[in-house]
Amino acid sequence: MKNVNFITDYREDEKCRNSFNQLAQTTFQIDFSKWFNKGYWNDKYVPYSFMNNNGEIIANASIYKMNIVIDNRSYNAIQIGTVMTANRYRQKGLSNVLMNKIIDTLKDECDFFYLFANESVLDFYPKFGFSRVDESEYRLTTNRSLRERTKNNVRKLSVDSDIQLLEAMAKNRYQNKSKISVLHNDELLMFYFLVVFPESIYYIAELEAVVIMEHEEDTLHIFDIISCKAQDIYTVLGNVLKEETEQVVFHFDPGNVEGLQVKKIPSDDDALFYLSNASIFDGHFKFPLTSHC
């Protein structure tokens, strides 16, 4: 396409970065500026973009370099995200070019590519060889004895006044045993603290555990539990459940928890696609929500 230039790795270019951020706000209502200003946007997250002659970022597909352990085997993976195109430049093949460029450039530097897609683009990624695989849902039905457990002091955290605590937890977090573990993920976790869940972060001082959670009627959604030591899920729940909480949905694999209900749940809102020469995913698994880019 004429009058369009490819540009990448421009996080230190304020004009390009601001234009990228404007497109992200328009497309996803996500503001990357606070994440950058706090110093968490590093060379793991790289935008691949097209810029017009006015210096505006008009299309993008970013990559995040991930360290992942699946069934005790380590992988270097590339997660693709923030795929977006300005309205007036859509249907011109720009995303196709960016996807091909990412795959061609990085295919020898990683074990596999993966991404999460919503229902509007489920037919797009198979064009590049991606296969869809369904993740599992991890749900627990509570009971009266669990809801009536003694509560410790649960404090809502502020991403401004409690930032040092959150940084320490993110950097030194303990990895629970699960089918999939995402390692060295602290900068991306800080994005979730700052941008996605700033009003949903709680601290259980006695357990030294941070819980990202939201109550929705009789269901508690737990998006992550971050601690520097192993945590017993039932002990954590004993601190955060409400009297009316009947169900707990974990947006990660909580490990071996008694009574946990696990089943495949196809989701068109957050469908997992991956590109690899080998079969990687089988059985029940779930990437932690806070590892999505």
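A residue is called buried when its relative accessible area is under 20%, exposed when that area is over 50%, and partly exposed in between. In this predicted model, E187 has a relative accessibility of 14% and therefore counts as buried. The residue belongs to helix α6, which spans residues 186–196. When its neighbours within four places in sequence are set aside, E187 is in contact with W35, Y40, N42, K44 and Y64.

Two of these partners, W35 and Y64, lead on to the aromatic rings of the model. Ring pairs join W35 and Y64 into a cluster with Y10, F20, F32, F36, W41, Y45, F191, Y192, F197 and F223. The structure as a whole holds 32 aromatic pairs. One of them is the pair of F281 and F287, which is edge-to-face, with 5.8 Å from centre to centre and 65° between the planes.

| Charged residue | Ring | Charged end to ring centre |
|---|---|---|
| R17 | F36 | 3.5 Å |
| K101 | F6 | 4.5 Å |

In each row the charged end sits over the ring named beside it.

Terms used. Residues are numbered from 1 along each chain as its sequence is written. This is a predicted model: local features need pLDDT of at least 70, side-chain atom pairs count only at pLDDT 80 or more; totals for chains, interfaces and linings use all residues. Side-chain values use heavy atoms; hydrogens and water are left out. Helices (H or I, at least four residues) and strands (E, at least two) are DSSP runs, numbered from the N terminus. Buried means under 20% relative accessible area, exposed over 50%, partly exposed in between (1.4 Å probe, protein chains only). Contact means heavy atoms within 4.5 Å. Rings of Phe, Tyr and Trp (its six-membered ring) pair if their centres lie within 6.5 Å; planes under 30 degrees apart count as stacked, over 60 as edge-to-face and the rest as tilted. A charge sits over a ring if NZ of Lys or CZ of Arg is within 6 Å of the ring centre and within 35 degrees of the ring normal.
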